[in-house]
Amino acid sequence: MKILIVGGGIAGFSVARALERKGYRPDLVERRLDEAPGGTGLFLPGNVARALDQLGLFEPVRDVAAVIATQRILDSEGRQLTVTRTQDVWAPCGPCLSLPRAALHGTLRGALSRTNLRFGVSVNEMQLSPGTCRVAFSDGTTSAYDLVIGADGVDSGVRRLVFPGIKPTYVGNVCWRFITRNTAAIEGWTAMLGHGQTLLAIPVSAEDVYVYADMALAEQDVEGMIAQTSLGALFGGFAEPVFSLVANVSADTRVHFGSIEQVVMDDWVKGRVVLIGDAAHASSPSMAEGAGMAIEDALVLAEAIAAIPDPDAALASYTARRRHRVDWVQKQCVARDKMRALPTPARNVILRLLGNRLYKRSYAPLVAPT
Ligand SMILES: Cc1cc2nc3c(=O)[nH]c(=O)nc-3n(C[C@H](O)[C@H](O)[C@H](O)COP(=O)(O)OP(=O)(O)OC[C@H]3O[C@@H](n4cnc5c(N)ncnc54)[C@H](O)[C@@H]3O)c2cc1C
């Protein structure tokens with residue numbers, strides 16, 4: 001079967017790896033040059049450890065990651081609202097990990113040996129006919145494929161061509177992200193909740209910590225916000241342990257700014273084109289399940305393609321196996337974002353009384369295999 005993967009991110013490299021392990025030699029095009037995205041971090045809950053293991057990559061990823069055993073939520077003054085021993089919740093799957101995004105990307109990229117990779121190339125046009133899809137690439141070449149996998153992220157060009165009516169929608173928050181020295185001695189996943197604002201810090205190695213800061217903002221005001229905003233002034237209502245990390249960002253730290261968008265769609269398949277990862281179902285990062293859902297999509301899709309001789313039936317099986325889990329994550333993200341936006345006293349009482357139970361409830365379906 002001739003397969004094209006569009007996008008060399010977490011989803012694209014994962015599905016290439018999963019297909020290679022089933023004996024396929026897919027083509028993959030990535031619009032960027034052959035370099036890892038730098039600067040930010042990723043938290044990976046335990047179901048990702050299990051998925052990486054199924055790709056044969058758990059150990060190489062764990063070797064470049066920090067193992068995270070707890071999740072702590074504090075109020076903006078630093079008082080603890082709840083703490084969860086996340087390692088217990090995820091024990092059936094594997095450890096929660098935290099690492100620079102470039103380290104995961106580099107490990108997935110480095111594991112590919114039989115995929116035909118082309119960097120600096122994207123897709124200009126796609127023509128769908130029964131049983132095939134003809135693709136015109138940005139480098140002037142064209143080719144016909146039995147299957148095209150759109151793994152090109154929230155701003156997917158494949159989705160735009162095949163599902164022109166679907167557009168990402170703004171979820172109401174903007175964020176700043178960077179990696180810096182862990183001068184605040186942060187241990188475990190540590191979030192601080194203010195009014196319409198959140199600070200989060202997670203170690204990504206023995207020396208460094210990944211910092212994420214977000215705030216609610218009306219869509220028309222997003223363009224006025226930039227990466228170089230004074231985070232110390234913006235988050236001045238916060239105390240330690242995370243405040244000094246955002247207040248003292250050094251001039252040479254690359255801060256990534258962005259607005260947060262989601263993609264919700266009823267169908268991920270049209271003819272021989274299928275969407276996976278953020279292209280199909282980007283969410284707010286409140287569950288930290290974007291990478292997990294992308295890698296699980298990749299595993300299930302490769303398994304279906306290898307096991308079911310009729311490609312159309314394989315794509316239907318992929319959708320059927322992934323739909324419930326992905327919908328669950330998207331709904332939980334919305335629910336978590338709503339809870340963060342509750343009046344502070346009510347939100348704090350809920351977290352003090354129910355924080356542990358809510359954590360277990362929201363992740364329980366993901367502890368079970370996909
Ligand atoms: C602020 C924020 C924080 C997050 N934190 C976490 C976290 O802690 N843990 C977690 O699991 N997830 C997190 N996520 C989500 C996670 O980043 C995504 O779910 C994940 O990157 C999705 O992978 P992907 O491969 O589908 O998309 P991407 O990582 O976006 O990769 C898509 C790739 O396709 C390429 N591409 C795009 N268009 C084309 C084209 N037309 N032709 C060729 N190539 C193309 C892009 O260059 C890119 O390399 C976060 C997201 C945000 C916004």
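## Close-up views of a predicted model

**View 1. I68 sits in strand β4, which spans residues 66–68.** This and the other panels are taken from a predicted model. I68 counts as buried because 24 C-beta neighbours fall inside 10 Å, and the cut-off for buried is 20 or more. Setting aside residues up to four places away in sequence, I68 touches F43, T86, C96, L97, S98, G188, W189 and I202. For a sense of scale, take G196: this residue is 128 residues from I68 in sequence, and the two C-alpha atoms are 26 Å apart in space.

View 2. L44 is buried, with 26 other C-beta atoms within 10 Å. Once neighbours within four places in sequence are left out, L44 is in contact with C96, L97, A291 and G292. C96 and L97 also turn up in the list of residues that I68 touches.

**View 3. Helix α1 (residues 10–21) meets helix α10 (residues 290–307), with their axes coming within 8 Å.** The two axes cross at roughly 30°, which makes α1 roughly parallel to α10. In passing α10, α1 makes a right-handed crossing. On the α1 side, look for I10, A11, S14, V15, A18 and L19; α10 brings A291, A294, I295, D297, A298, L299, L301 and A302. Sorted by class, this contact has 12 nonpolar residues, 1 polar and 1 charged.

**View 4. Here α1 is shown with helix α5 (residues 101–110), and the axes come within 9 Å.** Their crossing angle is roughly 30°, so α1 is roughly parallel to α5 as well. This time α1 passes its partner, α5, in a left-handed crossing. The contact is built from I10, F13, S14 and R17 of α1 and from L104, L108 and R109 of α5. Its make-up by class is 4 nonpolar, 1 polar and 2 charged residues. I10 and S14 of α1 take part here, and both are also found in the contact with α10.

**View 5. I166 lies in a loop, between α6 (157–162) and β13 (169–181).** With 18 other C-beta atoms within 10 Å, I166 is partly exposed. Leaving out neighbours within four places in sequence, its contacts are R159, V263 and M265. H105 is 61 residues away from I166 along the chain, and 27 Å separates their C-alpha atoms.

Key: Residues numbered from 1 in each chain as written. Predicted model: local features only at pLDDT ≥ 70, side-chain atom pairs only at ≥ 80, totals over all residues. Axes fitted to C-alpha atoms, helices over the stretch in contact; angles between N-to-C directions. Helix = DSSP H or I, 4+ residues; strand = E, 2+ residues; numbered from the N terminus. Parallel < 35°, antiparallel > 145°, perpendicular 65-115°, else oblique. Left-handed = near helix turned anticlockwise from the far one by under 90°. Contact = placed C-beta atoms within 7 Å. Nonpolar A, V, L, I, M, F, W, Y, C, P; charged D, E, K, R; others polar. Buried ≥ 20, exposed ≤ 12 C-beta atoms within 10 Å, placed from the backbone.
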